[in-house]
Amino acid sequence: QVQLVESGGGLVQPGGSLSLSCAASGSVFSFSAMSWYRQAPGKQRELVAVNSKGSTNYADSVKGRFTISRDNAKNTLYLQMNSLRPEDTAVYYCKYVDLRTQYSAWGQGTQVTVSS
């Protein structure tokens, strides 16, 4: 069983930056995928970025501004967010998926608010 804890959210002005972290504990396996999702009020939860099998992919809306990275030694996932826009405002969630069994786990989320 994997537990995920996000941190780093907060209030930032448009154009600013934030760095999110997701600390994973428990039975974390190397053969896994970790992703960042976000959900704004009244909107469907959407995939922001994924790190799987050494590859990364991004939603078009964040490509070029966000960077996902993973430190396997620390079992920590990161999301560096630059040039933030008000439309980036959402609760950001970390997700873990065991690619062998499809077991998945979600973090509780961290609020990111981009406003002047």
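Modeller: A polar contact is a pair of N or O atoms within 3.5 Å; within protein, one must be able to donate a hydrogen and the other to accept it, and residues adjacent in sequence count only if both atoms are side-chain atoms. This model is predicted: local features need pLDDT of at least 70, side-chain atom pairs count only at pLDDT 80 or more, and totals for chains, interfaces and linings use all residues. Residues are numbered from 1 along each chain as its sequence is written, and side-chain values use heavy atoms, with hydrogens and water left out.

Colleague: Which residue has its backbone nitrogen 3.2 Å from a polar atom of the side chain of threonine 110?

Modeller: That residue is glycine 9. Contact means heavy atoms within 4.5 Å; not counting residues up to four places away in sequence, threonine 110 touches several residues, including Gly9, Leu20 and Tyr92.

Colleague: Is threonine 110 buried or exposed?

Modeller: Buried means under 20% relative accessible area, exposed over 50%, and partly exposed in between (1.4 Å probe, protein chains only). Threonine 110 has 11% and is buried.

Colleague: How many bridges join strand E4 to strand E5?

Modeller: Strands (E, at least two residues) are DSSP runs, numbered from the N terminus, and two of them pair if DSSP finds at least two bridges between them. Six bridges join E4 (residues 32-39) to E5 (residues 46-52), running antiparallel. Tryptophan 36 has alanine 49 in E5 as its bridge partner.

Colleague: What is the bridge partner of alanine 49 in E6?

Modeller: Tyrosine 58 is that partner. E5 and E6 form a hairpin with two residues between them.

Technical notes
Helix = DSSP H or I, 4+ residues; strand = E, 2+ residues; numbered from the N terminus.
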